[in-house]
Amino acid sequence: MKIFDLMEKYGHEQVIFCYDSTSGLKAIIGIHDTTLGPALGGTRIWDYDTEEEALIDVLRLSRGMTYKNAVAGLNLGGGKTVIMGNPEKIKSEELFRAFGRYIEGLGGRYITGEDMNATTKDMGLINQETDHVVGLEGKSGNPSPVTAFGVFKGIQAAAEEAFGTTDLTGKTVAVQGVGAVGYHVCKHLHEAGAKLIVTDIKKANIDRAVQDFGAVGVAPEEIYGVECDIFSPCAMGAVINDFTIKQLKCKVIAGSANNQLAEDKHGDMLEEKGIVYAPDFVINGAGVMNVYEEMKGYNVERAMSRAATVYDNVRKVFEIAKRDGIPAYKAADRMAEERIEKIWRITKILNNR
Ligand code: NAD
(Lines give C-alpha, C1' and ligand atoms only; values in the text may rest on other atoms or scores of the structure.)
Protein backbone atom coordinates (compact mmCIF):
# COMPACT_ATOMS: atom_id res chain seq x y z
CA MET A 1 0.00 0.00 0.00
CA LYS A 2 1.60 3.27 -1.13
CA ILE A 3 0.01 5.87 1.13
CA PHE A 4 1.43 9.01 -0.48
CA ASP A 5 0.44 7.76 -3.93
CA LEU A 6 -3.10 7.29 -2.66
CA MET A 7 -3.07 10.76 -1.09
CA GLU A 8 -1.99 12.20 -4.40
CA LYS A 9 -4.64 10.24 -6.28
CA TYR A 10 -7.45 11.46 -4.02
CA GLY A 11 -5.94 14.96 -3.54
CA HIS A 12 -5.53 14.87 0.25
CA GLU A 13 -3.81 17.37 2.48
CA GLN A 14 -3.34 15.15 5.50
CA VAL A 15 -4.08 11.69 6.84
CA ILE A 16 -3.75 10.95 10.54
CA PHE A 17 -3.44 7.44 11.96
CA CYS A 18 -4.48 7.25 15.62
CA TYR A 19 -3.68 4.27 17.85
CA ASP A 20 -4.27 3.95 21.56
CA SER A 21 -3.20 0.76 23.34
CA THR A 22 -5.40 1.31 26.43
CA SER A 23 -8.69 1.46 24.53
CA GLY A 24 -7.64 -0.40 21.38
CA LEU A 25 -8.57 2.66 19.28
CA LYS A 26 -7.53 2.35 15.65
CA ALA A 27 -8.74 5.39 13.75
CA ILE A 28 -7.80 7.06 10.49
CA ILE A 29 -8.73 10.72 9.99
CA GLY A 30 -8.72 11.97 6.40
CA ILE A 31 -8.43 15.72 5.88
CA HIS A 32 -9.04 16.23 2.21
CA ASP A 33 -9.18 19.98 1.56
CA THR A 34 -9.42 22.93 3.95
CA THR A 35 -9.53 25.78 1.42
CA LEU A 36 -13.05 26.75 2.45
CA GLY A 37 -12.67 26.12 6.17
CA PRO A 38 -12.10 23.37 8.73
CA ALA A 39 -12.67 19.86 7.42
CA LEU A 40 -16.04 18.57 8.57
CA GLY A 41 -17.24 15.00 8.25
CA GLY A 42 -18.54 12.25 10.49
CA THR A 43 -16.97 9.21 12.13
CA ARG A 44 -17.81 5.80 10.69
CA ILE A 45 -17.26 2.69 12.80
CA TRP A 46 -16.82 -0.40 10.66
CA ASP A 47 -15.20 -3.82 10.90
CA TYR A 48 -12.97 -3.52 7.84
CA ASP A 49 -11.26 -6.68 6.59
CA THR A 50 -7.97 -4.88 5.96
CA GLU A 51 -6.24 -1.61 6.82
CA GLU A 52 -6.09 -0.79 3.12
CA GLU A 53 -9.86 -1.08 2.82
CA ALA A 54 -10.26 1.31 5.79
CA LEU A 55 -7.79 3.79 4.33
CA ILE A 56 -9.42 3.83 0.91
CA ASP A 57 -12.83 4.27 2.50
CA VAL A 58 -11.71 7.28 4.54
CA LEU A 59 -9.99 8.85 1.52
CA ARG A 60 -13.07 8.39 -0.65
CA LEU A 61 -15.52 9.59 2.01
CA SER A 62 -13.48 12.63 3.07
CA ARG A 63 -13.08 13.76 -0.54
CA GLY A 64 -16.84 13.39 -0.95
CA MET A 65 -17.33 15.73 2.03
CA THR A 66 -15.20 18.43 0.38
CA TYR A 67 -17.58 18.39 -2.59
CA LYS A 68 -20.74 18.16 -0.49
CA ASN A 69 -19.75 21.04 1.82
CA ALA A 70 -18.60 23.19 -1.10
CA VAL A 71 -21.82 22.90 -3.13
CA ALA A 72 -23.87 23.48 0.02
CA GLY A 73 -22.25 26.92 0.16
CA LEU A 74 -20.69 26.27 3.58
CA ASN A 75 -17.37 27.59 4.82
CA LEU A 76 -16.17 24.08 5.47
CA GLY A 77 -13.64 21.74 3.95
CA GLY A 78 -13.97 17.98 3.72
CA GLY A 79 -12.89 15.35 6.22
CA LYS A 80 -13.97 12.02 7.62
CA THR A 81 -12.86 9.40 10.16
CA VAL A 82 -13.05 5.65 10.14
CA ILE A 83 -12.67 3.75 13.40
CA MET A 84 -11.73 0.15 12.72
CA GLY A 85 -13.51 -2.64 14.61
CA ASN A 86 -16.86 -4.23 15.35
CA PRO A 87 -19.19 -1.48 16.62
CA GLU A 88 -20.93 -4.02 18.88
CA LYS A 89 -17.67 -4.81 20.65
CA ILE A 90 -15.18 -1.96 20.59
CA LYS A 91 -17.13 0.99 22.00
CA SER A 92 -16.00 2.32 25.40
CA GLU A 93 -15.63 5.62 27.23
CA GLU A 94 -11.86 5.46 26.93
CA LEU A 95 -11.96 4.76 23.18
CA PHE A 96 -14.08 7.81 22.33
CA ARG A 97 -12.22 10.03 24.79
CA ALA A 98 -8.88 8.94 23.34
CA PHE A 99 -10.24 9.74 19.89
CA GLY A 100 -11.50 13.11 21.17
CA ARG A 101 -8.00 13.96 22.35
CA TYR A 102 -6.58 13.23 18.91
CA ILE A 103 -9.18 15.56 17.39
CA GLU A 104 -8.35 18.23 19.96
CA GLY A 105 -4.71 17.91 18.93
CA LEU A 106 -5.66 19.01 15.42
CA GLY A 107 -6.60 22.42 16.80
CA GLY A 108 -9.86 22.76 14.85
CA ARG A 109 -8.59 21.61 11.46
CA TYR A 110 -11.09 18.74 11.68
CA ILE A 111 -14.62 18.64 13.11
CA THR A 112 -16.35 15.31 13.57
CA GLY A 113 -19.95 14.12 13.94
CA GLU A 114 -22.04 10.98 13.56
CA ASP A 115 -21.82 8.57 10.69
CA MET A 116 -22.58 4.87 10.34
CA ASN A 117 -22.68 3.07 13.73
CA ALA A 118 -21.81 6.21 15.72
CA THR A 119 -24.41 7.74 18.04
CA THR A 120 -25.07 11.04 19.81
CA LYS A 121 -23.92 9.29 23.01
CA ASP A 122 -20.56 8.51 21.39
CA MET A 123 -20.29 12.16 20.29
CA GLY A 124 -20.94 13.20 23.90
CA LEU A 125 -17.91 11.18 25.04
CA ILE A 126 -15.76 12.77 22.32
CA ASN A 127 -17.06 16.15 23.50
CA GLN A 128 -15.56 15.54 26.93
CA GLU A 129 -12.16 16.04 25.29
CA THR A 130 -12.83 18.46 22.44
CA ASP A 131 -15.32 21.06 21.23
CA HIS A 132 -14.63 20.11 17.61
CA VAL A 133 -17.62 17.79 17.43
CA VAL A 134 -21.21 18.29 16.21
CA GLY A 135 -24.39 16.20 16.36
CA LEU A 136 -24.57 16.44 20.13
CA GLU A 137 -27.65 15.57 22.12
CA GLY A 138 -29.84 18.57 22.83
CA LYS A 139 -28.28 20.62 20.01
CA SER A 140 -29.22 20.25 16.33
CA GLY A 141 -30.78 16.84 17.02
CA ASN A 142 -32.16 14.55 14.31
CA PRO A 143 -31.17 16.03 10.91
CA SER A 144 -33.65 13.96 8.88
CA PRO A 145 -36.61 16.42 8.75
CA VAL A 146 -34.23 19.20 7.67
CA THR A 147 -32.59 16.94 5.07
CA ALA A 148 -36.05 15.98 3.81
CA PHE A 149 -37.10 19.61 3.40
CA GLY A 150 -33.95 20.23 1.35
CA VAL A 151 -34.69 17.16 -0.76
CA PHE A 152 -38.22 18.44 -1.38
CA LYS A 153 -36.84 21.81 -2.56
CA GLY A 154 -34.40 19.90 -4.79
CA ILE A 155 -37.26 17.85 -6.24
CA GLN A 156 -39.03 21.13 -7.10
CA ALA A 157 -35.87 22.42 -8.82
CA ALA A 158 -35.53 19.21 -10.84
CA ALA A 159 -39.24 19.21 -11.71
CA GLU A 160 -38.88 22.76 -13.02
CA GLU A 161 -36.05 21.57 -15.25
CA ALA A 162 -38.06 18.63 -16.59
CA PHE A 163 -41.62 20.00 -16.65
CA GLY A 164 -41.12 23.78 -16.68
CA THR A 165 -42.83 24.24 -13.30
CA THR A 166 -42.12 23.63 -9.61
CA ASP A 167 -45.80 22.78 -9.12
CA LEU A 168 -46.05 19.13 -8.14
CA THR A 169 -49.84 18.96 -8.10
CA GLY A 170 -50.91 15.69 -9.70
CA LYS A 171 -47.34 14.53 -10.35
CA THR A 172 -46.63 10.91 -9.41
CA VAL A 173 -43.55 10.39 -7.27
CA ALA A 174 -42.12 6.92 -6.54
CA VAL A 175 -40.26 6.97 -3.22
CA GLN A 176 -37.83 4.16 -2.43
CA GLY A 177 -37.36 3.91 1.35
CA VAL A 178 -39.78 5.66 3.69
CA GLY A 179 -37.51 5.83 6.72
CA ALA A 180 -36.28 8.90 8.59
CA VAL A 181 -35.81 11.08 5.48
CA GLY A 182 -38.17 9.37 3.01
CA TYR A 183 -41.20 9.69 5.30
CA HIS A 184 -40.76 13.46 5.61
CA VAL A 185 -40.11 13.80 1.86
CA CYS A 186 -43.46 12.06 1.33
CA LYS A 187 -45.13 14.45 3.77
CA HIS A 188 -43.95 17.52 1.82
CA LEU A 189 -44.87 15.91 -1.51
CA HIS A 190 -48.33 15.00 -0.21
CA GLU A 191 -48.89 18.55 1.01
CA ALA A 192 -47.79 19.81 -2.42
CA GLY A 193 -50.49 17.70 -4.08
CA ALA A 194 -48.31 14.91 -5.49
CA LYS A 195 -49.48 11.28 -5.80
CA LEU A 196 -47.21 8.81 -4.06
CA ILE A 197 -46.03 5.29 -4.78
CA VAL A 198 -43.80 3.98 -1.98
CA THR A 199 -41.73 0.96 -1.10
CA ASP A 200 -39.61 -0.20 1.81
CA ILE A 201 -38.20 -3.48 3.08
CA LYS A 202 -40.09 -2.79 6.32
CA LYS A 203 -43.80 -3.34 5.77
CA ALA A 204 -44.71 -1.12 8.72
CA ASN A 205 -43.03 1.82 7.00
CA ILE A 206 -45.03 1.27 3.82
CA ASP A 207 -48.24 0.97 5.84
CA ARG A 208 -47.52 4.26 7.62
CA ALA A 209 -47.08 6.12 4.30
CA VAL A 210 -50.24 4.50 2.88
CA GLN A 211 -52.23 5.53 5.93
CA ASP A 212 -50.79 9.04 6.40
CA PHE A 213 -50.51 10.15 2.77
CA GLY A 214 -52.80 7.86 0.76
CA ALA A 215 -49.72 6.39 -0.94
CA VAL A 216 -49.82 3.21 -3.01
CA GLY A 217 -47.42 0.59 -1.63
CA VAL A 218 -45.42 -1.74 -3.88
CA ALA A 219 -42.83 -4.48 -3.33
CA PRO A 220 -39.17 -3.31 -3.19
CA GLU A 221 -38.17 -4.79 -6.55
CA GLU A 222 -41.19 -3.20 -8.29
CA ILE A 223 -40.36 0.44 -7.56
CA TYR A 224 -37.96 0.93 -10.50
CA GLY A 225 -40.51 0.02 -13.17
CA VAL A 226 -43.60 1.86 -11.91
CA GLU A 227 -45.23 4.54 -14.08
CA CYS A 228 -44.23 7.83 -12.46
CA ASP A 229 -42.93 11.33 -13.17
CA ILE A 230 -40.26 11.38 -10.48
CA PHE A 231 -38.22 8.61 -8.84
CA SER A 232 -36.92 9.53 -5.39
CA PRO A 233 -34.32 7.11 -4.00
CA CYS A 234 -34.26 7.55 -0.21
CA ALA A 235 -32.87 4.19 0.92
CA MET A 236 -29.42 3.10 -0.19
CA GLY A 237 -26.68 3.71 -2.76
CA ALA A 238 -25.93 2.24 -6.22
CA VAL A 239 -29.62 2.02 -7.14
CA ILE A 240 -29.01 3.52 -10.59
CA ASN A 241 -27.24 0.62 -12.27
CA ASP A 242 -27.27 -1.56 -15.41
CA PHE A 243 -30.16 -3.61 -14.07
CA THR A 244 -32.46 -0.78 -12.88
CA ILE A 245 -31.82 1.86 -15.54
CA LYS A 246 -33.63 -0.20 -18.21
CA GLN A 247 -36.76 -0.32 -16.07
CA LEU A 248 -37.07 3.39 -15.27
CA LYS A 249 -40.09 5.23 -16.69
CA CYS A 250 -39.56 8.49 -14.80
CA LYS A 251 -38.44 11.86 -16.18
CA VAL A 252 -36.65 12.93 -12.97
CA ILE A 253 -34.47 11.25 -10.34
CA ALA A 254 -34.21 13.26 -7.13
CA GLY A 255 -33.79 11.69 -3.70
CA SER A 256 -31.75 11.70 -0.50
CA ALA A 257 -29.70 8.49 -0.83
CA ASN A 258 -25.92 8.85 -0.99
CA ASN A 259 -23.95 7.54 -3.99
CA GLN A 260 -26.98 6.76 -6.15
CA LEU A 261 -25.01 6.09 -9.35
CA ALA A 262 -23.38 2.65 -9.29
CA GLU A 263 -20.74 4.01 -11.69
CA ASP A 264 -20.18 7.32 -13.50
CA LYS A 265 -21.33 5.75 -16.77
CA HIS A 266 -24.83 5.52 -15.29
CA GLY A 267 -24.90 9.31 -15.00
CA ASP A 268 -24.12 9.47 -18.73
CA MET A 269 -26.84 6.91 -19.45
CA LEU A 270 -29.45 9.00 -17.60
CA GLU A 271 -28.45 11.97 -19.72
CA GLU A 272 -28.85 9.90 -22.89
CA LYS A 273 -32.28 8.73 -21.75
CA GLY A 274 -33.30 12.37 -21.14
CA ILE A 275 -33.82 11.82 -17.42
CA VAL A 276 -33.14 14.89 -15.26
CA TYR A 277 -30.86 13.82 -12.40
CA ALA A 278 -30.42 15.94 -9.26
CA PRO A 279 -26.96 14.84 -8.06
CA ASP A 280 -27.17 13.15 -4.66
CA PHE A 281 -24.61 15.18 -2.75
CA VAL A 282 -26.26 18.42 -3.86
CA ILE A 283 -29.87 17.49 -3.11
CA ASN A 284 -29.12 15.87 0.28
CA GLY A 285 -26.89 18.74 1.43
CA ALA A 286 -29.34 20.04 4.04
CA GLY A 287 -28.10 17.35 6.46
CA VAL A 288 -24.70 18.99 6.63
CA MET A 289 -26.27 22.48 6.59
CA ASN A 290 -28.11 21.45 9.74
CA VAL A 291 -24.93 20.57 11.65
CA TYR A 292 -23.27 23.73 10.32
CA GLU A 293 -26.02 25.68 12.05
CA GLU A 294 -25.18 23.80 15.25
CA MET A 295 -21.65 25.22 15.09
CA LYS A 296 -23.14 28.71 15.09
CA GLY A 297 -25.65 28.14 17.92
CA TYR A 298 -28.55 26.08 16.66
CA ASN A 299 -31.82 27.61 15.53
CA VAL A 300 -34.33 25.45 13.67
CA GLU A 301 -35.85 28.30 11.60
CA ARG A 302 -32.40 29.31 10.35
CA ALA A 303 -31.57 25.67 9.56
CA MET A 304 -34.80 25.33 7.56
CA SER A 305 -34.24 28.54 5.63
CA ARG A 306 -30.72 27.40 4.79
CA ALA A 307 -32.13 24.00 3.72
CA ALA A 308 -34.36 25.82 1.23
CA THR A 309 -31.20 26.93 -0.63
CA VAL A 310 -30.92 23.36 -1.96
CA TYR A 311 -33.37 24.59 -4.61
CA ASP A 312 -30.82 27.18 -5.85
CA ASN A 313 -27.96 24.70 -5.62
CA VAL A 314 -29.74 22.12 -7.78
CA ARG A 315 -30.73 24.84 -10.28
CA LYS A 316 -27.09 25.92 -10.45
CA VAL A 317 -26.00 22.37 -11.30
CA PHE A 318 -28.33 22.39 -14.31
CA GLU A 319 -27.04 25.82 -15.39
CA ILE A 320 -23.43 24.58 -15.32
CA ALA A 321 -24.44 21.41 -17.16
CA LYS A 322 -25.95 23.53 -19.96
CA ARG A 323 -23.14 26.08 -19.96
CA ASP A 324 -20.47 23.39 -20.39
CA GLY A 325 -22.48 20.73 -22.24
CA ILE A 326 -21.88 18.08 -19.57
CA PRO A 327 -24.15 15.70 -17.61
CA ALA A 328 -25.50 16.87 -14.24
CA TYR A 329 -23.35 14.52 -12.17
CA LYS A 330 -20.22 16.07 -13.68
CA ALA A 331 -21.63 19.59 -13.35
CA ALA A 332 -22.04 19.04 -9.59
CA ASP A 333 -18.32 18.28 -9.24
CA ARG A 334 -17.49 21.31 -11.35
CA MET A 335 -19.70 23.53 -9.21
CA ALA A 336 -17.74 22.47 -6.11
CA GLU A 337 -14.34 22.82 -7.79
CA GLU A 338 -15.16 26.29 -9.14
CA ARG A 339 -16.24 27.58 -5.73
CA ILE A 340 -13.10 26.19 -4.06
CA GLU A 341 -10.89 27.68 -6.77
CA LYS A 342 -12.51 31.12 -6.56
CA ILE A 343 -12.39 31.28 -2.76
CA TRP A 344 -8.77 30.13 -2.84
CA ARG A 345 -7.98 32.98 -5.26
CA ILE A 346 -9.49 35.69 -3.06
CA THR A 347 -7.29 34.63 -0.14
CA LYS A 348 -4.53 36.71 -1.77
CA ILE A 349 -6.44 39.78 -0.61
CA LEU A 350 -5.25 40.74 2.89
CA ASN A 351 -2.75 37.89 2.70
CA ASN A 352 -0.46 39.80 5.09
CA ARG A 353 -3.01 39.65 7.92
P1 NAD B 1 -33.29 5.23 7.32
O2 NAD B 1 -32.56 3.97 7.65
O3 NAD B 1 -34.09 5.89 8.39
O4 NAD B 1 -34.29 4.97 6.10
C5 NAD B 1 -33.98 4.15 5.02
C6 NAD B 1 -35.22 3.34 4.70
O7 NAD B 1 -34.96 2.55 3.54
C8 NAD B 1 -35.59 2.35 5.82
O9 NAD B 1 -36.95 2.48 6.12
C10 NAD B 1 -35.25 0.99 5.22
O11 NAD B 1 -36.10 -0.03 5.70
C12 NAD B 1 -35.45 1.26 3.75
N13 NAD B 1 -34.72 0.33 2.87
C14 NAD B 1 -33.52 -0.24 3.04
N15 NAD B 1 -33.21 -1.04 1.99
C16 NAD B 1 -34.24 -0.95 1.13
C17 NAD B 1 -34.53 -1.52 -0.13
N18 NAD B 1 -33.69 -2.40 -0.69
N19 NAD B 1 -35.68 -1.19 -0.76
C20 NAD B 1 -36.56 -0.34 -0.17
N21 NAD B 1 -36.34 0.21 1.03
C22 NAD B 1 -35.20 -0.07 1.68
O23 NAD B 1 -32.20 6.22 6.70
P24 NAD B 1 -32.36 7.77 6.39
O25 NAD B 1 -31.69 8.53 7.46
O26 NAD B 1 -33.77 8.06 6.03
O27 NAD B 1 -31.42 7.92 5.11
C28 NAD B 1 -31.87 7.51 3.82
C29 NAD B 1 -30.77 7.79 2.81
O30 NAD B 1 -30.49 9.20 2.77
C31 NAD B 1 -29.45 7.10 3.11
O32 NAD B 1 -28.81 6.76 1.89
C33 NAD B 1 -28.65 8.18 3.80
O34 NAD B 1 -27.25 8.00 3.66
C35 NAD B 1 -29.10 9.42 3.05
N36 NAD B 1 -28.95 10.68 3.79
C37 NAD B 1 -29.57 10.85 4.98
C38 NAD B 1 -29.42 12.04 5.67
C39 NAD B 1 -30.14 12.27 6.98
O40 NAD B 1 -30.22 13.43 7.41
N41 NAD B 1 -30.67 11.25 7.61
C42 NAD B 1 -28.62 13.07 5.15
C43 NAD B 1 -28.00 12.87 3.91
C44 NAD B 1 -28.17 11.66 3.24
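**Contacts, rings and backbone**

Modeller: Leaving aside its neighbours within four places in sequence, S144 is in contact with A180 and V181. The model is a predicted one.

Biologist: Is S144 buried or exposed?

Modeller: S144 is found in helix α6, which covers residues 144-163. Buried means a relative accessible area under 20%. The relative accessibility of S144 is 9%, so the residue counts as buried.

Biologist: Which residues does F318 touch, not counting those up to four places away in sequence?

Modeller: F318 lies in helix α14, residues 310-324. With a relative accessible area of 4%, F318 is buried. Between F318 and A328 there are 6.2 Å in space, C-alpha to C-alpha, and 10 residues in sequence. Beyond the sequence positions set aside, F318 touches A157, A158, E161, V276, Y277, A278 and A328.

Biologist: How many aromatic pairs are there, and what geometry do Y67 and F281 adopt?

Modeller: The count comes to three aromatic pairs. The ring centres of Y67 and F281 are 6.4 Å apart and their planes stand at 80°; planes over 60 degrees apart count as edge-to-face, so this pair is edge-to-face.

Biologist: How many residues apart in sequence are the parts that the pair of Y67 and F281 ties together?

Modeller: Both Y67 and F281 are buried. Y67 belongs to helix α2 (residues 51-71) and F281 to helix α11 (residues 280-283), so the pair ties together parts whose separation in sequence is 214 residues.

Biologist: What geometry do Y224 and F231 form?

Modeller: Y224 is buried at a relative accessible area of 11%, and F231 counts as buried at 1% relative accessibility. Their rings are 5.9 Å apart centre to centre, with 70° between the planes. The aromatic pair of Y224 and F231 is edge-to-face.

Biologist: Which ring lies under the charged end of R208, and at what distance from its centre?

Modeller: Two placements of this kind may be described together. K171 lies over the face of F163, at 4.7 Å from the ring centre. For R208, the charged end sits over the ring of Y183, and the distance from the ring centre is 4.0 Å.

Biologist: What is the phi of N117, and where is this residue placed?

Modeller: Most residues other than glycine have a negative phi. N117 is in the loop between β6 (110-111) and α5 (120-127), and at 32% relative accessibility N117 counts as partly exposed. N117 is not a glycine, yet its phi is positive, near 70°.

Biologist: What phi does A238 have?

Modeller: A238 lies in the loop between β10 (230-233) and α9 (242-245). Its relative accessibility is 35%, so A238 counts as partly exposed. Although A238 is not a glycine, its phi is positive, at about 60°.

Biologist: How are α4 and α5 oriented, and which residues make the contact?

Modeller: Helix α4 (residues 93-105) and α5 pack with their axes 7 Å apart and at an angle of about 55°. That angle makes α4 oblique to α5. The crossing of α4 and α5 is right-handed. The contact is made by E93, F96, R97, F99, G100 and I103 of α4 with D122, L125 and I126 of α5.

Conventions. Residues numbered from 1 in each chain as written. Predicted model: local features only at pLDDT ≥ 70, side-chain atom pairs only at ≥ 80, totals over all residues. Heavy atoms only, no water. Helix = DSSP H or I, 4+ residues; strand = E, 2+ residues; numbered from the N terminus. Buried < 20%, exposed > 50% of the residue type's maximum accessible area, 1.4 Å probe, protein only. Contact = heavy atoms within 4.5 Å. Phe/Tyr/Trp six-rings, centres within 6.5 Å; stacked < 30°, edge-to-face > 60°. Lys NZ or Arg CZ within 6 Å of the ring centre and 35° of its normal. Axes fitted to C-alpha atoms, helices over the stretch in contact; angles between N-to-C directions. Parallel < 35°, antiparallel > 145°, perpendicular 65-115°, else oblique. Left-handed = near helix turned anticlockwise from the far one by under 90°.
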